[in-house]
Amino acid sequence: MTEAFARVYDSHWYVLGQEVKRFEEEYAAFNHVEYAVGVANGLDALTLALRVLGIGPGDEVIVPSNTYIATWLAVTQVGATPVAVEPDPITSNLNPKLIEAALTTRTRAIMPVHLYGQACRMREIMAIAHRYGLQVVEDNAQAQGAVFEGQLTGSFGAVNGTSFYPGKNLGALGDAGAITTNDADLAQKLQVLRNYGSQQKYYNSVVGYNSRLDELQGALLRVKLPHLPTWTDLRQQVAAWYGQHLAGIEGLHLPRTAPGATNVYHLYVVHHGRRDALQQHLAAAGISTMIHYPVPPHRQQAYASLNLPAGRFPIAEELAATCLSLPMWPGMQEAHVAAVAAAIRSLPR
Ligand SMILES: *Cc1c(COP(=O)(O)O)cnc(C)c1O
């Protein structure tokens with residue numbers, strides 16, 4: 001890492017240079033797509049993806065009712081309207097069976113989110129998109145390296161966004177993101193959009209953004225990317241240990257993976273009817289846990305203008321009230337997993 005840092009420092013070239021170019025090539029190869037375009041963060045990746053597809057005011061985009069709010073914000077940023085669809089409560093991912101009922105004449109795109117690292121049921125989602133002439137923009141911020149029926153997430157949609165926020169499976173040392181696509185024309189347009197709408201310096205063809213991946217972050221991500229498959233294996237090993245040590249605890253629901261999907265376990269999320277009591281019990285035992293996410297987007301003040309009352313998306317609300325993210329990182333040892341499991345098992349009834 002320090003070697004990469006020194007290389008960028010000594011180059012005196014900090015924005016849009018060789019490091020980002022090489023990282024884009026390497027990430028595209030990793031993701032089995034033709035092009036990756038580095039941008040400033042995951043939200044920008046999703047926003048620019050929608051923008052380059054021409055989605056804007058008057059358009060509707062299908063989003064999951066339970067996701068990190070960034071998915072919805074990207075839709076709002078381009079002036080379109082997010083239309084929520086409930087998840088499958090077993091996987092927490094968008095339920096393809098519920099999409100068609102939410103379509104209108106204004107629907108332009110579907111944004112599946114591979115939540116917690118599990119690939120969505122992409123065959124059904126792509127079939128619906130094809131049938132109704134809709135675009136697909138994957139939010140792959142949490143699932144780099146996940147697969148549905150042999151195909152990597154981030155390679156299904158026409159244009160897809162991912163994040164390298166430090167806590168993500170592939171994390172930079174600051175904000176960073178990328179867009180993945182197989183379309184040369186869209187990739188070229190995205191390179192222009194992220195750089196002030198300019199192809200030739202000081203000549204601007206479109207009203208663009210300043211959303212570039214820094215050379216330093218590109219160089220650091222190049223060091224980390226080759227390790228990602230190993231880190232994913234380690235995460236999956238931790239999940240397997242959790243599965244063994246947490247088996248048979250009454251009232252505790254473990255993450256389940258849909259047939260055909262893999263999970264790269266960005267998070268290991270369990271559900272429990274007395275979630276808050278369980279979290280406090282674990283905290284008292286020195287085990288810190290997190291809640292992803294306590295308030296679904298439709299109940300956020302930011303979206304009060306959409307007038308979506310409590311009870312409108314009951315599955316998302318139930319998942320938000322019961323979810324708990326247990327400690328999970330690549331290299332976590334089985335003894336540690338066992339200790340967390342023992343603490344959960346000792347929750348008084
Ligand atoms: C992290 C995340 C984003 C946004 O990424 P940033 O780099 O933080 O902007 C978008 N969607 C999901 C599902 C995320 O987890």
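Predicted model: local features only at pLDDT ≥ 70, side-chain atom pairs only at ≥ 80, totals over all residues.
Colleague: How many bridges join β2 to β3, and do they run parallel or antiparallel?

Modeller: Five bridges join the two strands, and they run parallel.

Colleague: Is β3 enclosed or open?

Modeller: Count its buried residues. Buried means under 20% relative accessible area. In β3, four of the five residues are buried, so the strand is largely enclosed by the rest of the structure.

Colleague: Which residues of α4 are buried?

Modeller: Ala-70, Thr-71, Trp-72, Ala-74 and Val-75. Next, ask what covers them. The cover includes α3 (42-52), β2 (60-64) and β3 (81-85).

Colleague: What follows α4?

Modeller: Gly-79 does, and its phi is positive, near 90 degrees.

Colleague: Now a helix pair. At what angle do α8 and α11 cross?

Modeller: Look at the axes. Those of α8 (residues 228-245) and α11 (residues 334-345) cross at roughly 35 degrees and come within 9 Å. The crossing is right-handed.

Colleague: Which residues make the contact?

Modeller: From α8 come Val-238, Trp-241, Tyr-242, Gln-244 and His-245. From α11 come Glu-334, Val-337, Ala-338, Val-340, Ala-341 and Arg-345.

Colleague: How do the residues of this contact divide by type?

Modeller: Between α8 and α11, seven contact residues are nonpolar, two are polar and two are charged.

Technical notes
Residues numbered from 1 in each chain as written. Heavy atoms only, no water. Axes fitted to C-alpha atoms, helices over the stretch in contact; angles between N-to-C directions. Left-handed = near helix turned anticlockwise from the far one by under 90°. Contact = heavy atoms within 4.5 Å. Nonpolar A, V, L, I, M, F, W, Y, C, P; charged D, E, K, R; others polar. Buried < 20%, exposed > 50% of the residue type's maximum accessible area, 1.4 Å probe, protein only. Pairing = 2+ DSSP bridges.
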